[in-house]
Amino acid sequence: MKKIIQDFSFNEIFQLSKRFNQPAFRAKQLYEGVMQGKNISDITTLPAAFKQQLLEEFEDCPIEIIRTLTSTDGTEKYLFRLADGNIIEGVFMKYKYGNTQCISTQVGCRMGCKFCASTLGGRVRDLTSGEILAQVLAVNALHGGTKEKRAVTNLVLMGSGEPFDNYDNVVKFLRNVAAEEGINISPRNISLSTCGLVDKMYKFAEEGIPLNLTVSLHNTTDEERARTMPIANKWSIAEILNACESYFAKTGRRYIFEYALIVGENCDSRHADELIALLKGRPCHVNLIRLNSVKERTLEGADEKSAYRFLGMLEKGGLSATLRRRTGADIGGACGQLRAGFLNENAEVQSGHDDNQQ
Ligand code: SAH
């Protein structure tokens with residue numbers, strides 16, 4: 001694979017242009033074109049010879065939207081194709097206060113959570129920082145966003161992959177996406193979700209990136225958590241809570257727990273009591289999620305009434321909690337489902353089992 005220009009910061013593009021004997025204003029034009037989501041070949045301000053030189057080293061189009069699904073509620077889901085043919089997915093959600101894009105950090109995932117479609121085929125590879133950034137640039141451009149008025153205002157790192165399992169690329173991405181001369185999305189408008197890689201949580205607290213740190217908790221005891229989340233065999237809930245406190249101490253940002261309600265696993269009144277005991281008085285918020293059922297998985301999500309009952313118990317116990325609004329349920333549910341569906345479809349076509357082919 002060739003290099004990816006979106007991996008480069010403004011300074012690095014400046015150095016690169018110098019190597020090609022181009023003046024500083026060319027570096028600026030190149031960087032601005034890239035930040036507008038353009039392919040190198042489509043940046044009209046650059047001379048053809050310079051573009052030709054660049055294209056010998058760099059991918060023209062590191063990421064391409066190959067399918068868009070639009071929900072009745074306005075949510076959009078995308079399949080992106082990377083330069084090496086790998087497929088990732090993303091989501092774009094419209095809210096009153098702005099638009100949130102959900103981005104992927106790896107092709108697949110190796111964390112093995114029992115409810116999640118992203119991990120079904122394991123991890124294929126890490127995304128580079130530029131491939132993560134290119135998802136944002138492509139969707140911003142799709143919605144007519146400019147540097148002055150971005151169409152994407154908020155980001156959640158909640159697509160496929162475990163961000164802290166691709167630590168260096170994710171941190172580089174977070175710095176590049178926040179660059180003032182670039183698309184300039186500040187950490188305060190970014191949520192990073194981890195299944196709880198505690199060593200990386202401590203390391204991240206030292207980076208000086210004050211974002212919304214979110215941990216997928218999904219249960220109240222280590223034994224029960226390990227039934228759906230293998231990572232619980234490595235790090236305990238107590239260790240996670242200490243790491244969250246450290247992040248709060250360093251950044252002043254309160255942290256968030258995600259808790260997907262799964263029938264028979266984590267949502268009876270005993271779990272509510274235990275969650276209250278664990279979290280009461282801490283500077284945190286609980287985001288309850290109604291599980292999106294995954295075809296390949298047998299776990300069942302709590303219904304709406306039980307979800308509200310569980311929420312009521314947490315609130316009565318003094319926790320700050322919300323039930324996450326369900327978006328895009330009609331277009332392929334959660335994390336990894338769209339990609340898994342696409343890969344299945346293509347496997348069927350290739351092996352001749354597709355109905356339309358027969
Ligand atoms: N690897 C990271 C981020 C990706 S998943 C993490 O584990 O946090 C983003 C969130 O979606 C996580 O809280 C994850 O547990 C949740 N999730 C995964 N599959 C889901 C499903 N089928 N229904 C609802 N939430 C799901």
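Start with helix 6, residues 198–205, where a helix is a DSSP run of H or I with at least four residues, numbered from the N terminus. Its buried residues (under 20% relative accessible area, 1.4 Å probe, protein chains only) are V198, M201, F204 and A205. Look down the axis of helix 6 and these residues fall within an arc of 115°, so they line one face of the helix; the arc is taken from the directions from the helix axis to the C-beta atoms.

This is a predicted model, so local features need pLDDT of at least 70 and side-chain atom pairs count only at pLDDT 80 or more, while totals for chains, interfaces and linings use all residues. Residues are numbered from 1 along each chain as its sequence is written, and side-chain values use heavy atoms, with hydrogens and water left out.

What sits over that buried face? The cover includes helix 5 (167–177), strand 8 (190–194), strand 9 (212–216) and helix 8 (237–251); strands are DSSP E runs of at least two residues.

Now take helix 5 with helix 6. Their axes, lines fitted to C-alpha atoms over the stretch in contact, come within 12 Å and cross at roughly 30°. That makes helix 5 roughly parallel to helix 6, the label for angles under 35 degrees. Y167, D168, V171 and L174 of helix 5 make the contact (heavy atoms within 4.5 Å) with K200, K203 and F204 of helix 6.

Key: Buried means under 20% relative accessible area, exposed over 50%, partly exposed in between (1.4 Å probe, protein chains only). Axes are lines fitted to C-alpha atoms, for helices over the stretch in contact, and angles run from 0 to 180 degrees between N-to-C directions. Angles under 35 degrees count as roughly parallel, over 145 as roughly antiparallel, 65 to 115 as roughly perpendicular and the rest as oblique.
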